[in-house]
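Morning, everyone. Please look at the structure on the screen while I talk.

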Amino acid sequence: MTKYIFVTGGVVSGLGKGIAAASIGLILKSYGLKVVNQKFDPYLNIDPGTMNPLQHGEVFVTDDGAETDLDLGHYERFTDAVLSQSNNTTSGRVYETVLRNEREGKYQGGTVQVIPNVTDEILRRMLLSTKETNADVIITEIGGTVGDIESLPFIEAIRQIKYQVGEENCCYIHLTLIPYMEKAQALKTKPTQHSVKELQALGIQPNIVMLRTEVRLDEATKDKIALFCNVESDSVIQNLNAKSIYEVPLNMEKEGLGKAVCKALNIKNAEAHLEDWAKMVSVFENPKRNVNIALVGKYVDLHDAYLSVVESLIHGGIANEASVTIDWVDSETLESDEVVKERLKNADGIIVPGGFGSRGIEGMIRTAKYARTNKVPYFGICLGMQIVVIEYARNVLGWTDAHSTEINPDTTHPVIDLMPDQNGKILGGTLRLGKFECRVADGTLTKKAYGSNTVWERHRHRYEFNNTYREDLKNAGLVIAGVNPERDLVEIVEVPNHPWMLGGQFHPEFKSRPNKAGPLFRDFIKASIENSSK
């Protein structure tokens with residue numbers, strides 16, 4: 001029988017439920033169990049695809065083209081899983097299905113209500129991963145904070161599920177905050193008590209209470225929480241602030257989280273095998289060198305907007321036994337070549353990640369010019385790849401108005417353009433999404449990185465390299481390093497006579513792992529380290 005773990009949050013938002021859920025997944029996987037993580041978000045958007053990154057953070061994309069919450073990135077990176085559409089559900093998606101069913105007469109004229117119609121659809125989606133994956137354990141994170149109005153149907157659904165699958169197959173983990181009052185020099189348990197009480201009022205008794213804290217808990221505090229929250233003392237798990245997110249699973253296992261989960265679910269205890277993960281953490285925390293990377297983007301005010309890129313840069317550092325210092329550069333501020341030169345003079349490498357819209361584009365183009373002419377390693381992702389093409393067309397071919405039609409529809413040299421089948425569609429759902437094949441040319445930086453002529457990477461973009469200008473750009477020296485064979489679309493470009501300057505139309509950050517860095521990130525960091533030693 002599949003076991004189900006539900007992770008809820010209380011007191012405040014932003015406690016790290018995603019990292020906690022991912023850590024549980026890694027621990028149980030190390031026990032030899034097949035584990036799948038999923039996220040249920042209470043917002044009414046169908047998915048986060050059209051949400052502003054400055055509000056929601058990055059959109060994580062799966063192999064099958066789902067635009068999902070960034071926590072799915074944590075799940076994949078920690079458990080090395082490949083997740084799908086069914087692993088992220090929103091209220092918007094639930095209500096869309098319920099209303100469509102009503103219009104199609106599937107409720108046979110009955111009154112459509114939150115209970116049972118909405119909760120039944122939530123339950124159906126919660127159990128879908130069981131049918132698709134045959135996993136031993138399904139870990140479901142419930143977005144938001146207990147007490148939020150919008151999350152009530154999800155809380156009700158996870159209350160009901162134990163009657164479908166059996167109470168012995170359900171484990172409820174509640175993550176809360178234990179604030180430390182500096183002046184009183186005391187940890188305060190009352191917010192946690194109230195949060196658990198609210199959860200109990202909704203019909204759920206947590207099996208495990210996980211406590212985020214900046215100060216180590218003593219046994220008396222744990223016992224107090226156990227008493228007032230109606231759990232056993234060994235089910236009160238301290239989640240002390242860690243040096244890095246990668247240390248959290250190791251700390252959680254030391255605290256006894258795995259044993260508490262196994263006890264709650266009547267799973268035979270097994271020994272954790274986290275040696276490889278611990279070795280990776282040790283390399284990360286004891287680097288032999290440092291490298292400075294300038295991240296030039298338009299959403300730098302919220303670092304979570306580039307979460308997977310940042311994590312992948314760190315992975316590339318781990319692969320090279322280096323710590324990566326990121327200099328966050330707002331591309332809007334790069335108003336001239338002189339400003340770019342001064343602002344980026346200390347960068348060992350430069351990365352320009354994805355984005356949409358016109359804001360800050362000229363600063364990115366100046367950045368690419370600086371990297372090309374000064375031989376600074378440059379990695380362009382999605383929009384960053386298109387920037388390479390635009391800059392090369394302008395400053396090598398002399399097409400001074402070369403641009404993307406996304407930014408300038410009237411350019412006479414639209415080197416980046418929509419494909420004919422994309423015109424006239426609404427915004428949501430029109431991107432090229434998910435995993436696509438790329439054929440890699442021999443003798444390229446890309447082939448050296450991947451060691452293969454065929455790679456599969458994930459995409460999230462609408463505009464493409466315009467093949468009308470392909471031969472002109474090739475004749476001017478631009479290297480077409482990778483092409484999608486299905487539609488003959490250019491996926492990778494490289495700049496010649498340069499130590500490392502590459503742009504990929506795809507998003508390799510979505511498949512990078514802390515103990516298995518994405519090949520392009522690994523080699524970009526290596527080139528940046530070599531540049532730093534000059």
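I will cover strands, then cavities, then pockets.

First, the ground rules. This is a predicted model, so to speak of local features we need pLDDT of at least 70, and side-chain atom pairs count only at pLDDT 80 or more, while totals for chains, interfaces and linings use all residues. Residues are numbered from 1 along each chain as its sequence is written, and side-chain values use heavy atoms, with hydrogens and water left out.

Start with the strands. Strands (E, at least two residues) and helices (H or I, at least four) are DSSP runs, numbered from the N terminus. Two strands pair if DSSP finds at least two bridges between them.

Find β17, residues 414–417. Strand β16, residues 403–404, runs parallel to β17, and 2 bridges join them. Now, which way does β17 pair with β20, residues 464–465? The sense is antiparallel, over 2 bridges. There, Ile416 has Phe465 as its bridge partner.

Next, the cavities. The search uses a 1 Å grid over the protein atoms alone, and a cavity is a set of points where a 1.4 Å probe fits but cannot get out. Lining residues have an atom within 4 Å of a point. Points are joined across faces, edges and corners, and a volume is the space filled by probe spheres set on them.

How many cavities of 30 Å³ or more turn up in the whole structure? The search finds 4. Ala, Val, Leu, Ile, Met, Phe, Trp, Tyr, Cys and Pro count as nonpolar, Asp, Glu, Lys and Arg as charged, and the others, Gly among them, as polar.

Last, the pockets. A pocket is an open set of points with protein on both sides within 12 Å along at least five of seven lines.

The largest pocket has a volume of about 720 Å³. It is lined by 29 residues, and Gly14, Lys39, Asp69, Leu70 and Asp71 are the closest to its centre. Helix α1 gives the largest share of that lining, 3 residues. The classes are 9 nonpolar, 10 polar and 10 charged.

The second largest pocket has about 610 Å³. Of its 33 lining residues, Gly49, Val59, Glu67, Phe356 and Arg460 lie nearest the centre. This lining has 15 nonpolar, 11 polar and 7 charged residues.

That is the tour. Thank you.
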